[in-house]
Amino acid sequence: MSDGCLIYDLSHKDWVEVAKNIKMLLLKANFPVCITGAGISVASGLPVNEMNFQGKTVHQLFLKDFWRREPERYFDFYYQIFFEWKKALPNNAHLYLHKKNFKIITQNIDGLHFEAGSKNVIEIHGNLRELRCETCAIILKSDFLKHHGFNCPNCKQILRPGFVFVGEKVKGVSLATHWICQSDLLLIIGTEMDALPIRYFPKIATTKQVPVIWINQNSETIIPYLCK
């Protein structure tokens, strides 16, 4: 704990002792908000950004030059990831966040918060389940690739994934900031919070005297413990 007991770190082996002292915070929270990163989905079998997948790193999926210069190779890699990630199921961390009605701000594109039943979810990086056309704005399910290829059925332009590429603006920042300002508890799971603009969210919370709980690993065990 630090900063006048506003920040609680459950990312170490002695997390149970800290967790015992903060379970009441979750019980009392009326507007809990959770920020999630790739770490929450590791227990669902999904890789983090720098892990290898089919001989490439997941990070390459977010490179716009790869998509623009080699669309055939790009979408072959994209569909391999999409096909594998469709098999993933929400783990206990996703499920308990839904049960406790957390508002979710996620950096993940896997859609597992929706699969767990959460309705109030901001996917700031977009998602893997959709494709869209930058020219005519059509939105398609990613399954479209399997039978129809990667060209827009309306204008024949190359479709792009439903998530942002490296260097592009993230989505839903205004609403996410509003949620942080309204929150009475902020939970951060599986992310180092080193990217803009989310790196500022914990500071906004602590400035308003809102407790912040950090969990970098084992959220599938820690979250059920906190929420029961």
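Strands count as paired if DSSP finds at least two bridges between them. Helices (H or I, at least four residues) and strands (E, at least two) are DSSP runs, numbered from the N terminus. The model is a predicted one, in which local features need pLDDT of at least 70, side-chain atom pairs count only at pLDDT 80 or more, and totals for chains, interfaces and linings use all residues. Residues are numbered from 1 along each chain as its sequence is written, and side-chain values use heavy atoms, with hydrogens and water left out.

Within this pair, pick Leu-131; its bridge partner in E9 is Pro-161.

Now widen the selection to the open sheet of three strands, ordered E8-E7-E9 with antiparallel pairing. Its edge strands are E8 (139–141) and E9 (160–163), each of which pairs on one side only. From one strand to the next, the twist averages 50°.

Angles run from 0 to 180 degrees between N-to-C directions, and axes are lines fitted to C-alpha atoms, for helices over the stretch in contact. Contact means heavy atoms within 4.5 Å.

Turn next to an open sheet of six strands, in the order E1-E11-E10-E2-E5-E6 and with parallel pairing. Strand E1 (7–9) and strand E6 (121–123) form its edges; each has a single partner strand, so one side of each is left without a neighbour in the sheet. Direction ignored, neighbouring strands here are turned by 15° against each other on average.

Inside this sheet, select strand E10 (residues 185–189) and strand E11 (residues 212–215), which run parallel and are joined by four bridges. Leu-186 stands opposite Val-212 in E11. Helix H9 packs on the sheet, touching E10 and E11, and its direction makes about 145° with that of E11.

Finally, show helix H1 (residues 15–28) with helix H9 (residues 219–227): they pack at an angle of about 45°, with their axes 8 Å apart. That angle makes H1 oblique to H9; angles under 35 degrees count as roughly parallel, over 145 as roughly antiparallel, 65 to 115 as roughly perpendicular and the rest as oblique. To see the contact, select residues including Trp-15, Ile-22 and Leu-26 in H1, which meet residues including Ile-222 and Tyr-225 in H9.
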